[in-house]
Amino acid sequence: MKPNPAIYRLGLNLASLRPEETVMIDDRAQNAEAARSVGMHAVRYENAAQLREELAALGVK
């Protein structure tokens, strides 16, 4: 279960993705930090405008 980093590794493995290819979005700081700990990009959701800005900075359209 989140925020255990093992769940993020399992998800990456099941999806056949590298951590740097992914973005995890969550409103809880500890979940975002756990995703970062395995190399994923992570955005802590605060509001829609902030989310759009951070995703754009990551190159997500």
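Which residues make up the largest nonpolar core? In this predicted model, local features need pLDDT of at least 70 and side-chain atom pairs count only at pLDDT 80 or more, whereas totals for chains, interfaces and linings use all residues. Residues are numbered from 1 along each chain as its sequence is written, and side-chain values use heavy atoms, with hydrogens and water left out.

The protein chain has 3 helices and 2 strands; helices (H or I, at least four residues) and strands (E, at least two) are DSSP runs, numbered from the N terminus. From the N terminus on, the order of these elements is α-β-α-β-α. The radius of gyration, taken over C-alpha atoms, is 11 Å, close to the 10 Å that the globule rule gives for 61 residues, so the chain is as compact as a globular protein of that length. The globule rule is 2.2 Å times the number of residues to the power 0.38. Along its principal axes, the C-alpha trace spans about 30 × 20 × 15 Å.

Of the 61 residues in the protein chain, 26% are buried, where buried means under 20% relative accessible area, exposed over 50%, and partly exposed in between (1.4 Å probe, protein chains only). In soluble globular proteins, nonpolar side chains tend to be buried together. The largest nonpolar core consists of 9 residues: Tyr8, Leu12, Met24, Ala32, Ala34, Ala35, Val38, Met40 and Ala42. Helix H1 (5-15) and helix H2 (29-37) each supply at least two residues of this core, and H2 gives the most, with 3 residues. A nonpolar core is here a set of buried Ala, Val, Leu, Ile, Met, Phe, Trp, Tyr and Cys residues joined through side-chain atoms within 4.5 Å.

Ala35, found in helix H2, counts as buried because its relative accessibility is 0%. Not counting residues up to four places away in sequence, Ala35 touches Tyr8, Met24, Met40 and Ala42; contact means heavy atoms within 4.5 Å. The C-alpha atoms of Ala35 and Ala6, 29 residues apart along the chain, are separated by 9.5 Å. With neighbours within four places in sequence left aside, Met24 is in contact with Tyr8, Asn31, Ala32, Ala35, Met40, His41, Ala42 and Val43.

Asp26 lies in strand E1 (residues 23-26) and is buried, with a relative accessible area of 8%. Apart from its neighbours within four places in sequence, Asp26 contacts Lys2, Asn31, Val43, Arg44 and Tyr45.
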